[in-house]
Each structure stands twice: as C-alpha cells, then as structure tokens.
Amino acid sequence: MTIPREVVEVDDALLIERSLNEPEIFATLFDRHAPLLHRYVTRRLGPSEAEDVVADTFLAAFQHRGGYDRSRADARPWLYGIASNLIGRRRRTEMSLYRAYVRSGVHPAELSGSQVEDEVNTLAVNRPLALVLLELAPADRDVLLLVAWAELT
C-alpha cells in the first residue's frame, strides 16, 4: 500500500495516533527514523547487532504506540530510548566492541567490509575515548552517546 503524501508530511505524533486505526501508517515512522537509528546502533554495537535492535525497537514501538505521549511531535527521543533499553540488554557486546577499538584501532564494521559512515571513525582511532566509554556507568554512556551520536538534547 502506498502511504498518501499528506500522511508523510505530518508530525510523528499524528502518525502514531493515526496508526492506531490504520496500522500500515506506522511504516512511515519506520521510513523516517530507521536509517538514523540503525547508524546509532551500529556505532554502539557493531553491524551484526544493529539490524535486530532496530527491528526490535520498531516492534516495541508499534506494540506500545497507544501509550505514546502525543504532545511530543518528534518520536525520535522515544525511539532512541527504546533502542537504548535494548542496547542495555547487550552490554557485553558493547563492551567487547570498545575493547576491540582499544586493541586494534579499527571499527569492527570495517573489518566485515562495510563502511562505517563519516565520522564514526573518530572513535575507532581514538583509543582514549574508547577507554573512557568503557569506564562510564551505563546510564552516563547512554546520555553521552545519545547527545553526541543521535544529536538529542
């Protein structure tokens, strides 16, 4: 089904509200936010985990869309919050990824042949930063990376 143009141009809150009666409209939210969310999760967990976390994020969002605070026009913070919770369940994977940065100076996505976009490589070549991320409390790391990589405030 093709989503009408007027649906594509509305804010996230209205999309979520409309998706309660027209579930297929939720796909517009996925199209809007999945690429950036995927990039963020890849930075946190590497490419092997990113697809699953993004899929699980949108599944959880879809299942809980009735409780979304529709006074918030932008659903990105909500989606990143769900993703952060899912990442939290994979802390060992994230810590292993940072240890790999420290040892090799290479982002694991580059080893698999996929290019990590733009400035993600700053972490891959910045061993002191990776070491600091390893030492941060999980909640502090989440906040720092949401601000730095997801551009949330």
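In what follows, buried means under 20% relative accessible area, exposed means over 50%, and partly exposed lies in between, with a 1.4 Å probe and protein chains only. The structure above is a predicted model, in which local features need pLDDT of at least 70 and side-chain atom pairs count only at pLDDT 80 or more, while totals for chains, interfaces and linings use all residues. Residues are numbered from 1 along each chain as its sequence is written, and side-chain values use heavy atoms, with hydrogens and water left out.

I begin with the overall composition. Of the 153 residues in the protein chain, 42% are buried.

Let me turn to the salt bridges. The term denotes a side-chain nitrogen of Lys or Arg within 4 Å of a carboxyl oxygen of Asp or Glu, and the count comes to eight. One of them joins R18 to E22, with 3.5 Å between the closest N and O atoms. R18 is partly exposed at 29% relative accessibility, and E22 is partly exposed at 30%. Another links R72 and D69, where the closest N and O atoms are also 3.5 Å apart. Here R72 counts as exposed at 54%, whereas D69 is partly exposed at 37%.

The next bridge pairs R91 with D142, the closest N and O atoms being 3.1 Å apart. R91 belongs to helix α6 (residues 91-104) and D142 to helix α10 (residues 138-148), so this contact ties together parts that are 51 residues apart in sequence. Both R91 and D142 are buried. Through shared partners, salt bridges join R44, R91 and D142 into one network.

Now the aromatic residues. Rings of Phe, Tyr and Trp (its six-membered ring) pair if their centres lie within 6.5 Å; planes under 30 degrees apart count as stacked, over 60 as edge-to-face and the rest as tilted. The whole structure holds four aromatic pairs. For F30 and F58, the ring centres are 4.9 Å apart and the planes stand at 70°, so the pair is edge-to-face. F30 sits in helix α3 (residues 26-45) and F58 in helix α4 (residues 47-63), so the pair ties together parts that are 28 residues apart in sequence.

Finally, the largest pocket. A pocket is an open set of points on a 1 Å grid over the protein atoms alone, where a 1.4 Å probe fits, with protein on both sides within 12 Å along at least five of seven lines; lining residues have an atom within 4 Å of a point. The volume of the largest pocket is about 190 Å³. Its lining includes R39, Y40, R76, W149 and E151. Helices α3 and α5 (76-88) each give two or more residues to this lining, and α3 gives the most, with four. The lining residues divide into six nonpolar, no polar and four charged.

How values were computed:
Points joined across faces, edges and corners; volume = space filled by probe spheres on them. Nonpolar A, V, L, I, M, F, W, Y, C, P; charged D, E, K, R; others polar.
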